[in-house]
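This briefing covers pockets and the chain interface. The structure comes first, followed by the computed values grouped by topic.

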Number of protein chains: 2
Amino acid sequence: MGYTTLNEETAKEYARTKTSVFAAEADLVCKEIGDGNLNMVFRIEDRGDPSRSVVIKQSLPHARIDDSIHAPLDRARIESEMLVLHDKHCPGLAPKIFDYDREMYAIVMEDLSDHIVLRKGLIRGTKYPRLAEDMGQFLARSLFFTSDLGMDPLEKKELQKRFVNPDLCKITEDLVFSNPYFDADNNKIDPEIRDRAEENWRDEELKKEVAILKEKFMTQAQALIHGDLHTGSVFVTPESTKSFDPEFGFFGPMGFDIGAILGNLILNHASQLWHKPDDADRKDFREYLLSTFKGIWETFSTQFRALWEEHVTTPMESNPVYREDYIERLFADAIGYAGCKMTRRIVGLAQVEDIRSIEDADVRATAQIAVLDTAREFIMKRHSFASIDDVIAVVRKHQK
Amino acid sequence: MGYTTLNEETAKEYARTKTSVFAAEADLVCKEIGDGNLNMVFRIEDRGDPSRSVVIKQSLPHARIDDSIHAPLDRARIESEMLVLHDKHCPGLAPKIFDYDREMYAIVMEDLSDHIVLRKGLIRGTKYPRLAEDMGQFLARSLFFTSDLGMDPLEKKELQKRFVNPDLCKITEDLVFSNPYFDADNNKIDPEIRDRAEENWRDEELKKEVAILKEKFMTQAQALIHGDLHTGSVFVTPESTKSFDPEFGFFGPMGFDIGAILGNLILNHASQLWHKPDDADRKDFREYLLSTFKGIWETFSTQFRALWEEHVTTPMESNPVYREDYIERLFADAIGYAGCKMTRRIVGLAQVEDIRSIEDADVRATAQIAVLDTAREFIMKRHSFASIDDVIAVVRKHQK
């Protein structure tokens, strides 16, 4: 049948045939809602029952044909296949996938337009009571079931070939693990914190630890990780949490995903001092952030341990002494990666609205330096924290 | 042109066209010297100048066609491509490759029939004065140039896909890292050492450390490793050292290759007490083995450091504090893997002639227990040895 580019008319019929969401006679309405650059994104709704709707994301032909933009082609495939796996392993915690069509480079999925991006919600000071539990579950299930613990090691090695993602890994290797630690051209460093950034550049022990975390990112095929799980890759309502945008997916260290979401909560925590000037509210929201930080780790580790106890029966891996050591090592990784993710958002290329939207330069610098100090301690002490409460004590010390 | 099975006649012409070893008019003689099971192996010699000879190894069609023996097909390809890379990165330390023909599943390489298998040479008590230097160089160059340090990380990720080797990795995962640590059906445990073997099975801390080394073997894509570099995979003369049989090759932890050769030297060391009854000779040869053990690590680490200093210019990796930490971690890995390799050869399925050929059961048991005790200490203390001399002190303590 081959590839044809969908338009608002053909997308309606495509959606009707590829899902059972709509009745055969349903009166459908379709709107293109993407930025039109690499993908077309269509939202199709049943006019007679607006609760019935789907989204179709289709990779554009120039992204598939032009050799000079090789990356987007494979990126679309990887994103689609990641979404299929997330829906399988974590139903309800990622968009539901109705169809993935390799020929059409199209994926038909749940419409999440009633959700908002978590980062925006947190900046507004909205609490999401399900967030800790849902993210902890998402992390535990998506990581466990794509590791040698939760899947056949032979199949895992074959699956790994499908998720070799060099171009997007390179972006992370540079922007997260290299550029923030020297005077790279594309760093973005506010003049008020230049001295503090340079302090990191002279700190050979810190740079050694970051290099070790980078090496682990580049070599440890522990599980199929999301690869970019910051608060901009999670959609929420107070009742629902959905991981999204897994185009950076590859087999890497589990701690990188855990640390991504934890580190971004701490970035928001640092920003809340000034975004919520009323003192009682501010304190309360910051406590919510820290309890979510703790809750994500606790749900993750409890659930990961439960999955291990339920599914792992091989002689070497069913040893509880090994299991607890494994979880301790995940904890150290997660805190270390959280520190790396925090640092790159303060001095690196792609910064975050949480901090950027603080208009007063001195106030912003205070928050930025607090983040850098917290991050350094996360990275340097990650092996010696006895508990998540010890980690939170470091946040409280630097982000008063 | 497609595939045809070579015979002694066609192999001669094949060798003539694929290499420049023979003159056009040379009178060639050819003999099939393989076991004929999965491969044909032809040795072709110039009758007029017997110093001119090559070997052709061709994978047999049933190994290529029969689905039930999928492994050998990919095994032949991986072995050939590994040999090509070893010849490229370590000229002189692996067989010279004249041609690799993907259609014919044939590789034309240097004839090594003047060499013998290192294990056999050591059992005879032959010293190889070049061994430490050559093996150290082979390890340093083959590992460095296939790691993210010595090659472009983007290319490394693509190369990794070609060396996914699930079936052969599974053999190692079972025989090296699992079965020796419980009452597996295919273990082979002499009655005299049954109690000592069971001691390991009850040692949860030892089993945890082995599980960590297993996990690293299964997940750490650090470099393209040989994967089976024991003393049976090295061909030697007093003047020459050639690594061979890299069919287990895949991207794994460097320390696994280093530990394989080191552990097998210690197995021979344990056996020499009885194979060389004359005391002065015995002591002298055992000292040679320990100085080779030390020399391999020292050459490896010195050469690896030199390659790093020469080739690595990226900001995070050129940090000498990181470099020294990296080499320290390789040291711990190498000693840990040496311990795993020693243990599997005493209680696991595939044992070694060094130990097996000790006929007196009590004497053999003494050697076996000495190896198990040494191995346990290698595995448990690998992170705390300050130097290779400290490791050698452990050998001397247990293998008097």
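## Pockets and interface

The second largest pocket has a volume of about 730 Å³. Its 33 lining residues include B:Asn39, B:Val41, B:Lys57, B:Phe244 and B:Asp245, which are the closest to its centre. This is a predicted model, in which local features need pLDDT of at least 70 and side-chain atom pairs count only at pLDDT 80 or more, while totals for chains, interfaces and linings use all residues. Residues are numbered from 1 along each chain as its sequence is written, chains are lettered from A and ligands numbered from 1 in the order in which they are written, and side-chain values use heavy atoms, with hydrogens and water left out.

**Second largest pocket**

- A pocket here is an open set of points on a 1 Å grid over the protein atoms alone where a 1.4 Å probe fits, with protein on both sides within 12 Å along at least five of seven lines; lining residues have an atom within 4 Å of a point.
- Volume is the space filled by probe spheres set on the points, which are joined across faces, edges and corners.
- In chain B, β2 (39-46), β3 (53-59), α3 (70-89) and β5 (106-110) each supply at least two lining residues, and α3(B) gives the most, with 7 residues.
- Helices (H or I, at least four residues) and strands (E, at least two) are DSSP runs, numbered from the N terminus.
- The lining has 15 nonpolar, 8 polar and 10 charged residues; Ala, Val, Leu, Ile, Met, Phe, Trp, Tyr, Cys and Pro count as nonpolar, Asp, Glu, Lys and Arg as charged, and the others, Gly among them, as polar.

**Largest pocket**

- The volume of the largest pocket is about 1,200 Å³.
- Among its 38 lining residues, B:Lys216, B:Arg329, B:Ala332, B:Asp333 and B:His383 are the closest to the centre.
- α12(B) gives the most to this lining, with 8 residues.
- The lining of the largest pocket divides into 11 nonpolar, 8 polar and 19 charged residues.

**Interface of chain A and chain B**

- Contact (heavy atoms within 4.5 Å) joins 41 residues of chain A with 41 residues of chain B.
- In chain A, A:Lys157, A:Glu215 and A:Met316 lose the most area to chain B, together 19% of what that side buries; buried area is the accessible area (1.4 Å probe) that two parts lose on being put together, summed over both.
- The rule finds 8 salt bridges across the interface, a salt bridge being a side-chain nitrogen of Lys or Arg within 4 Å of a carboxyl oxygen of Asp or Glu.
- B:Lys208 forms a salt bridge with A:Asp325, with the closest N and O atoms 3.9 Å apart.
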